[in-house]
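Have the viewer open beside you as you read.

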Amino acid sequence: MNKTTLLRDYLHLQLFKLKKTSVQESKQKSEMLIQHCLKISKADIYLKDILLDKQNIDDLNIMFDSLIMNTPVQHIIEETFFYENSFFTPPGTFIPRTDTELLVDCAIDFLSTKKTKLRILDLCTGSGCIVLSIAKKFPQNDFIGIDKSSLAIKVAEKNQKLLKIDNVKFLKEDIFNLKINKVDLLVCNPPYLAKEEIESLDSSVKNHDPEIALTDLKDGTTYYKFLISNFKSLINKNGAMFIELPYSPVAKDIESINKKLNSNKSTYLKDLEGKNRVIKIY
Ligand SMILES: C[S@@+](CC[C@H](N)C(=O)[O-])C[C@H]1O[C@@H](n2cnc3c(N)ncnc32)[C@H](O)[C@@H]1O
């Protein structure tokens, strides 16, 4: 392409190439790459006659080459919008999902009813998206985010700096070997896919979200069994635990485990489709 390439023509060509691949929602993903690279709005892509220079084309080509390999856009642009903020999500990090915003809403509702200073723990924090979204709203409380992955902790700390939040401490620990005092609220979005579910995932997930973030390499219930059985040693009086549930038949297994193992009260919070997506134990 020469230096008078029109953005509209460039996009057309890339969409033609993407049509021949397994990349899903290629138009939406292409728009996201272009918006990020050229710092323009979605409307500008179609309404303005934007000319691309050589540098623009080189930058866009690198991004589209990754997209054609089914790399998630959030890893290509190293950014994911979650709840009310943008989070740094480089390759190797678990990409925050919109579904998890329900867990943030649950935690915010719970904390809104409390007057005293509380301790809040986010287990399996990943990019820190859950704990940072909550902590931003409750600067008076103390928050801890824990993850076993060194990369996750580095990324979460970078997100904390970017968002200028100073009431969260991130620790590299294994949740099955926790060395911390009880908390008033625990939130967790654990790896909840069964080992055999991994094979059927789209390659944009299977080859890019870290395996440690997706599955317990068993039946998907390991983290739930642990958290439900350890409620009393983790949570202070009048406290609560909110855990995200999978959008899969494993959710029913977790509900049965909860009936069997849980000696406390529990309730389920539903998503917009009416599916149980968060369990509250209190
Ligand atoms: C599903 S991701 C959730 C990340 C983030 N909370 C979110 O919702 O986007 C699960 C996270 O759990 C972490 N993890 C897996 N096993 C762990 C363990 N035993 N102890 C601590 N963290 C663990 C992974 O590194 C990953 O970051």
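## Layout of the chain

The centres of domain 1 and domain 2 are separated by 35 Å, taken over C-alpha atoms. Domain 1 covers residues 5-70 and domain 2 covers residues 92-281; such bounds come from an automatic or database domain assignment. Please keep in mind that this is a predicted model, in which local features need pLDDT of at least 70 and side-chain atom pairs count only at pLDDT 80 or more, while totals for chains, interfaces and linings use all residues. Residues are numbered from 1 along each chain as its sequence is written.

The protein chain has 13 helices and 11 strands, where helices (H or I, at least four residues) and strands (E, at least two) are DSSP runs numbered from the N terminus. Along the principal axes, its C-alpha atoms fill a box of roughly 70 × 40 × 35 Å.

## The nonpolar cores

A nonpolar core is a set of buried Ala, Val, Leu, Ile, Met, Phe, Trp, Tyr and Cys residues joined through C-beta atoms within 7 Å. The table sets out two of them.

| Core | Residues in core | Members include |
|---|---|---|
| Largest core | 50 residues | Ala107, Leu186, Phe242 |
| Second, separate core | 14 residues | Leu18, Leu33, Val73, Ile76 |

In the largest core, Ala107, Leu186 and Phe242 touch the most other members. Beyond its neighbours within four places in sequence, Phe242 is in contact (C-beta atoms, placed from the backbone, within 7 Å) with Leu103, Cys106, Ala107, Val187, Val278 and Lys280.

## Around the ligand

Which residues are closest to the ligand? They are Cys124, Gly126, Lys148, Asn189 and Ala213, out of 22 residues that surround the ligand, each with its C-beta atom, placed from the backbone, within 6 Å of it. Helix α7, β6 (142-147) and α10 (211-214) each give two or more residues to this shell.

## A look at Ala152

Ala152 sits in helix α8, residues 150-162. Is Ala152 buried or exposed? Ala152 counts as buried because it has 25 C-beta neighbours inside 10 Å. Leaving out residues up to four places away in sequence, Ala152 touches Thr93, Thr125, Gly126, Ser127 and Asp147. Pro191 is 39 residues from Ala152 in sequence, and their C-alpha atoms are 14 Å apart in space.

How values were computed:
A residue is buried if 20 or more other C-beta atoms lie within 10 Å of its own, exposed if 12 or fewer, and partly exposed in between; C-beta atoms are placed from the backbone. Two residues are in contact if their C-beta atoms, placed from the backbone, lie within 7 Å.
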